[in-house]
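Here is a short briefing for a first look at this structure. Take the overall picture before the details.

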Amino acid sequence: MSHFLVDGLSERCASQVETYLERIREDRFIPRLLQEDATLFSAEPSQQESISQRLGWVHSCTTLQNELDTLQSLCNELSDEGFERFILVGMGGSSAFGHVVKHQSNGRLIVLDSVVPDMVNETLPHLDDPTTFVLVGSKSGTTVEATTLANLMQDRCGASRMLVITDPG
C-alpha cells in the first residue's frame, strides 16, 4: 500500500484514493495503457475499436523525441523568416498544451480555443502584424470550430503564414 498524502484530504477521501491506486496496480493499468489496451476503458468491442484509434498519444514523448531535429529546423526557419508571435488555434486537447506554454512565452503565444466573438475579435488584430504566424491544431482535421477559425485566419493573413497540424488522413 502506498502512502498518498495530500494536505486537506479527508480520511474518507484518502482511503478512496488508496483504494483506487491499489486497483490501478492490480489491473496493471500503466503497462496496459502503454500497450494501448482499449479494454481498460470499455468491454464493448465496438467501443474498443474507436478507443484504440485515440490512444496514440501515450507514445507522444517518444514520437516527439524522434522529431526533435525536424521541429528545431521548423523553429529556426520560422525565426529566420522573422516570425516573433504565434497564434495557436485549436479546440480541447489540441490547445491544452498551448495554455501551459503561453505563460512562459512572454506574450509570444496566443491561444485561441473559442469561437466566442469577443475572443476571436481580440485575436484578429494580431494578424495585421506580419511577424505573427498561425498554428492550427486539430486531431481529426475536421473539427468545425478549428476549421472555421482556420478559414478566418487564412482569409485575414494568407496560407503562407499558417501551418496545420493534424492526424494523417
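Which residue forms a salt bridge with Arg-156? The partner is Asp-128, with the closest N and O atoms 3.2 Å apart. Arg-156 lies in helix α8 (residues 144-157) and Asp-128 in the loop between α7 (117-123) and β3, so the pair ties together parts that are 28 residues apart in sequence. Keep in mind that this is a predicted model.

**Overall build**

- The protein has 8 helices and 4 strands.
- Read from the N terminus, the order of elements is α-α-α-α-α-β-α-β-α-β-α-β.
- The radius of gyration is 21 Å, whereas a compact globule of 169 residues would have one near 15 Å.
- Along the principal axes, the C-alpha atoms fill a box of roughly 55 × 40 × 35 Å.
- Of the 169 residues, 27% are buried.
- The accessible surface is about 11700 Å², and carbon and sulfur atoms account for 55% of that surface.
- Take the contacts between residues at least 6 apart in sequence: 55% of them join residues at least 24 apart.

**Salt bridges**

- The whole structure contains 5 salt bridges.
- In the bridge between Arg-156 and Asp-128, Arg-156 is partly exposed at 38% relative accessibility.
- Arg-32 and Asp-37 form another salt bridge, and their closest N and O atoms are 2.8 Å apart.
- Asp-37 has a relative accessible area of 19%, so this residue counts as buried.
- Arg-23 and Asp-27 also form a salt bridge, with 3.6 Å between the closest N and O atoms.
- Arg-23 is exposed at 51% relative accessibility, while Asp-27 is partly exposed at 33%.

**Aromatic pairs**

- There are 3 aromatic pairs in the structure.
- One of them joins Phe-29 and Phe-41 edge-to-face, at 6.2 Å centre to centre and 80° between the planes.
- Phe-29 belongs to helix α2 (residues 29-34) and Phe-41 to the loop between α2 and α3 (45-52), so this pair ties together parts that are 12 residues apart in sequence.
- Phe-29 is partly exposed, with 24% relative accessibility.
- Phe-41 is partly exposed too, with 43%.
- Phe-86 and Phe-133 form an edge-to-face pair, at 6.2 Å centre to centre and 65° between the planes.
- Phe-86 sits in strand β1 (residues 85-90) and Phe-133 in strand β3 (residues 132-138), so the pair ties together parts that are 47 residues apart in sequence.
- Both Phe-86 and Phe-133 are buried.

**Nonpolar surface patch**

- Which residues make the nonpolar surface patch of about 260 Å²? They are Ile-24, Ile-30 and Leu-34.
- Ile-24 lies in helix α1 (residues 11-26).
- The relative accessible area of Ile-24 is 38%, so this residue counts as partly exposed.

How values were computed. Residues are numbered from 1 along each chain as its sequence is written. This is a predicted model: local features need pLDDT of at least 70, side-chain atom pairs count only at pLDDT 80 or more; totals for chains, interfaces and linings use all residues. Side-chain values use heavy atoms; hydrogens and water are left out. Rings of Phe, Tyr and Trp (its six-membered ring) pair if their centres lie within 6.5 Å; planes under 30 degrees apart count as stacked, over 60 as edge-to-face and the rest as tilted. Helices (H or I, at least four residues) and strands (E, at least two) are DSSP runs, numbered from the N terminus. Buried means under 20% relative accessible area, exposed over 50%, partly exposed in between (1.4 Å probe, protein chains only). Patches are made of residues with over 30% relative accessible area and no salt bridge: like charges are joined within 9 Å, nonpolar side chains (Val, Leu, Ile, Met, Phe, Trp, Tyr) within 5 Å. Accessible areas come from the Shrake-Rupley method with a 1.4 Å probe; for residues, only the protein chains shown count as cover. A salt bridge is a side-chain nitrogen of Lys or Arg within 4 Å of a carboxyl oxygen of Asp or Glu. The radius of gyration is taken over C-alpha atoms; the globule rule is 2.2 Å times the number of residues to the power 0.38. Contact means heavy atoms within 4.5 Å.
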